[in-house]
There are 2 protein chains.
Amino acid sequence: MIRLYVAADLAQGVALALDQGQSHYLVSVMRRAVGDEVLVFNGRDGEWRTTIEVLGKRGVIVRPTAQERPQAIGPDVDLVVALVKRARVETIAEKAAELGARRVRLVITERTNPERTRIDRLSAIAAEAAEQTGRLDVPQIFEPVKLSRLIEEWEPPRRLLFCDEAGDAKPVLDALAGAAPAPWAILIGPEGGFSPAERETLRNLPYATPATLGPRILRADTAAISALTLWQAARGDWREGDWRGLEVS
Amino acid sequence: MIRLYVAADLAQGVALALDQGQSHYLVSVMRRAVGDEVLVFNGRDGEWRTTIEVLGKRGVIVRPTAQERPQAIGPDVDLVVALVKRARVETIAEKAAELGARRVRLVITERTNPERTRIDRLSAIAAEAAEQTGRLDVPQIFEPVKLSRLIEEWEPPRRLLFCDEAGDAKPVLDALAGAAPAPWAILIGPEGGFSPAERETLRNLPYATPATLGPRILRADTAAISALTLWQAARGDWREGDWRGLEVS
């Protein structure tokens, strides 16, 4: 069944209007009709089964009929990634949603080229991926900040998996073995790597764990997907039993 | 330094002509001149440092001056992936090269839509990714075959990590704990999943290990990247020490 992310509150019997894009998608792309059902979620009220009530010129109106799943949220892991080229940042937004990141933070490092980012567009990509992947929230995407500022404003209970391509760190699974549970963040550098001064700073952060992603050079999007995968497998909700939907916000 | 994959044999002092695309890239894009150095590899003779000798109308000629690295090859792991939409197959070819897959096999399953594939284009994408990622070979990409034929022709010492979205299998890291070393293959289904009959067949193969990739639905390209990452981390050359460049062909 089609799943849509909406902004409105969701409650039994309270009709809501879908936005123009979603209305167009339902009617013109997916050929849905009055009486058809659609799942909706908003990141707060769980997933609701709704029925299409109006297919008007002003858009589609749906009415929630039953809550399918109560609200649940994955483990608290952020993806912090250097601002790379637009196509790769867009891939990262999509994959962060599929792989259960809670937030995506873009950082400007010494070797980052200034790229224009449209947070609204990245958020739309993340929302669409969240719809398809079955999660009940959408990762929040933040405006780019300088790495130095990100570090200044760090909230220390959160640990940082620093993906360090320089090579003397442990592999991610070894680095995470026995490590603290969430909250965590995963840091992926730009394709030219971190500067020596940045590496020194990052290595000295008391909350940082350096780790390598194997013997080959990875593009930033690949590194982000690989690191999130390993984190979820070792510390997150890809482990057996313990995490699946248990953490209710 | 720029790295290029070439078809020709490589030996000390034996000049070779680069193809048109590579010549254009060196001269017009990267503005290289006579006397500049370029690294080349062919998957057989290791990585060679070469010097640009001629920048002519017919292309660039380089002469190998020193072998930088002897030939080495990563662990023997194939990525077997259902034929999905072209853009996602292209992503998979790129990422398979970065993540050290030795071969990419495309399969046609019951729920696969017929898509045209251009193996030459996919191979060019894989070669370019191999140049950037630093490996000394390029994954071989095979024409699509039916899943039933792939199974008929299976060579049994090779094990199969069957990524099964149906949910009752173990997580990949648990499934791979203590498992046999390479050769392995990783199987990723189409976005509509395998049919019940296909799942039954796959689960009953004596060389297959079913495993899940977490609680969210992943697109085929994400699943391929995640599964290869976990395989490399658990059984391949992302482990500490033992694999890095040791297996010389």
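In the predicted model, Arg31(A) lies in the loop that runs between helix H1 (20-29) and strand E3 (37-41) of chain A. The phi angle of Arg31(A) is near 55°, a positive value in a residue other than glycine. Arg31(A) has 8 C-beta neighbours inside 10 Å and is therefore classed as exposed, the limit for that class being 12 or fewer. In chain B, Arg31(B) is likewise placed in the loop between helix H1 (20-29) and strand E3 (37-41). Its phi is near 55°, again positive in a residue that is not glycine. Arg31(B) is exposed because 8 other C-beta atoms lie within 10 Å.

The peptide bond from Ala182(A) to Pro183(A) is cis, and its omega is near 10°. Pro183(A) belongs to the loop between helix H5 (172-176) and strand E10 (184-188) of chain A. In chain B, Ala182(B) and Pro183(B) are joined by a cis peptide bond with omega of about 10°. Pro183(B) is located in the loop between H5 and strand E10 (184-188) of chain B.

Chain A is assigned two segments, domain 1 (3-69) and domain 2 (77-234). The C-alpha centres of these domains of chain A are 33 Å apart. Contact between them involves eight residues of domain 1 and six residues of domain 2 of chain A. On the domain 1 side, the most is given by strand E1 (residues 3-5) of chain A, which supplies three residues. That side of domain 1 of chain A is made up of three nonpolar, two polar and three charged residues.

Within chain A, helix H2 (residues 86-98) packs against helix H3 (residues 119-133) at an angle of about 35°, and the two axes are 8 Å apart. The crossing of H2(A) and H3(A) is right-handed. From H2(A), the contact is made by Val89(A), Glu90(A), Ala93(A), Glu94(A), Ala96(A), Ala97(A) and Glu98(A). From H3(A), the residues taking part are Leu122(A), Ile125(A), Ala126(A), Ala129(A), Ala130(A) and Thr133(A). By class, the contact of H2(A) with H3(A) comprises nine nonpolar residues, one polar residue and three charged residues.

Between the chains, 30 residues of chain B are in contact with 30 residues of chain A. On the chain B side, two or more residues each come from helix H2 (86-98), helix H3 (119-133), helix H5 (172-176) and helix H7 (220-234). The largest share of this side of chain B is that of H7(B), with seven residues. The side of chain B that touches chain A has ten nonpolar, nine polar and eleven charged residues.

The arrangement of the two copies was then examined. In general, two copies of a chain are related by a rotation about an axis and a shift along it. Here, chain B is superposed on chain A by a rotation of 180° with 0.0 Å of shift along the axis, at an RMSD of 0.0 Å. This is the relation of a two-fold axis. The C-alpha of chain B nearest the axis belongs to Ser226(B) and is 3.0 Å from it. Of the interface residues of chain B, 100% are also interface residues in chain A, so the copies meet through the same surface.

Technical notes:
Residues are numbered from 1 along each chain as its sequence is written. Chains are lettered from A and ligands numbered from 1 in the order in which they are written. This is a predicted model: local features need pLDDT of at least 70, side-chain atom pairs count only at pLDDT 80 or more; totals for chains, interfaces and linings use all residues. Two residues are in contact if their C-beta atoms, placed from the backbone, lie within 7 Å. Helices (H or I, at least four residues) and strands (E, at least two) are DSSP runs, numbered from the N terminus. Ala, Val, Leu, Ile, Met, Phe, Trp, Tyr, Cys and Pro count as nonpolar, Asp, Glu, Lys and Arg as charged, and the others, Gly among them, as polar. Domain bounds come from an automatic or database domain assignment. Copies are superposed by least squares on the C-alpha atoms of residues with pLDDT of at least 70 in both. A residue is buried if 20 or more other C-beta atoms lie within 10 Å of its own, exposed if 12 or fewer, and partly exposed in between; C-beta atoms are placed from the backbone. Axes are lines fitted to C-alpha atoms, for helices over the stretch in contact, and angles run from 0 to 180 degrees between N-to-C directions. A crossing is left-handed if the near helix is turned anticlockwise from the far one by less than a right angle, and right-handed if clockwise.
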